[in-house]
Amino acid sequence: MTSLLKKFANKVTGNSPDELNAKELSEINDCLDLCSDDTKHECLGDNDGTDNTYAREQKVWDSMKIETETKLYGSSTPSNLQIIIPTSVHDWKHDALSETYDEKSVPYQVSQFIKKHGDGKDSQGEVFKITGNCSSLPIQDILDIEYMKLRKSDLLLLPYFIWVRGIKYDDVVEKLSAMLPLLQDYSLSKGSPHTVASKQELIVKLQKIHPQVYSSDKQCCVLLCSHTTRDKRCGKTAPILKKTFESELMKYNGDDTEEEEEQKSQQTRDLYVPNDQDPMSKNKVMIVFINHIGGHKFVANCQVYLQKGL
């Protein structure tokens, strides 16, 4: 799995070719050691096969029609910019951004920005795909009525791991449109390894458009589709998938001796604390529910973004 995540990290950060060769594809397939019916309990750490929790969760999967024959690799086009909006809930109307919230809201205005620029091109003439999602991330200021009505919100810009804080609904289209060329230029520079300094330069430029722009210190963002209104299968499988991610990540948070703690990499220490969805927490991984991302016949659906340098 470590090898697989490193390959994803290289793809996300632009440190590998756009296409994987046959050897690399074979290595990824080797990493994806899927559990068979004979080994599924061992895969989940349940060697005697008596885990009632596992049985209940497996029953959920067994009851659903899920596509297993279609080739998955390369079937999805990654977004060059994915805008994540905190809403504190995990289900939305069918069209989450434009139907759940009114025109005087940040999600609706993000949808208008995407309509305007969603399939535009960068300065090199390449398609620059933009998507947006409502998320379960908590609204940061529950005492601010503007935040609670989503007339003002924070936006997480992926794969850049950049926060735009406190943007008002009537500024969304104008300010994101002004930021777009800067993000595109930064994306085009992937031939040169991105550094903390180069990202800070980008942030300084973005702050001239909107002062409250900050870098996220997260190492990884895991997005799980929980959009029950759109497809009940996602609503059923997302919580199970979240719990599975949590159980694996928490293995890095065991009670170590003082010597072991000192030797443990700073990148993996306190990798994940469950039920802490605060973007400002010390968690190095965010696990977030989001609305529809397509491909629901392949549930459960997951997107993983990694910061450079993992």
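Helix α6 is mostly covered, with nine of its 12 residues buried. The model is a predicted one. The buried positions of α6 are Val-106, Pro-107, Tyr-108, Gln-109, Val-110, Ser-111, Phe-113, Ile-114 and His-117.

The length of α6, which runs over residues 106-117, can be checked against its residue count. At 1.5 Å a residue, the 12 residues should span 16 Å, and the end C-alpha atoms are 16 Å apart, so the two values agree. The N-terminal end of α6 is capped by Ser-105. A side-chain oxygen of Ser-105 lies 3.3 Å from the backbone nitrogen of Tyr-108, and Tyr-108 is itself one of the buried residues of the helix.

On the α8 side, the contact is made by Met-179, Leu-182, Leu-183 and Tyr-186. On the α9 side, Ser-198, Lys-199, Leu-202, Lys-205 and Leu-206 take part. By class, the residues of this contact divide into six nonpolar, one polar and two charged. An α-helix has 3.6 residues a turn, so residues three or four places apart point the same way.

These helices belong to a chain with 11 helices and nine strands. Of its 310 residues, 41% count as buried. Among contacts in the chain with a separation of 6 or more, 70% come from residues 24 or more positions apart.

Terms used:
Residues are numbered from 1 along each chain as its sequence is written. This is a predicted model: local features need pLDDT of at least 70, side-chain atom pairs count only at pLDDT 80 or more; totals for chains, interfaces and linings use all residues. Side-chain values use heavy atoms; hydrogens and water are left out. Contact means heavy atoms within 4.5 Å. Helices (H or I, at least four residues) and strands (E, at least two) are DSSP runs, numbered from the N terminus. Ala, Val, Leu, Ile, Met, Phe, Trp, Tyr, Cys and Pro count as nonpolar, Asp, Glu, Lys and Arg as charged, and the others, Gly among them, as polar. The expected span of a helix is 1.5 Å times one less than its number of residues. Buried means under 20% relative accessible area, exposed over 50%, partly exposed in between (1.4 Å probe, protein chains only). A polar contact is a pair of N or O atoms within 3.5 Å; within protein, one must be able to donate a hydrogen and the other to accept it, and residues adjacent in sequence count only if both atoms are side-chain atoms.
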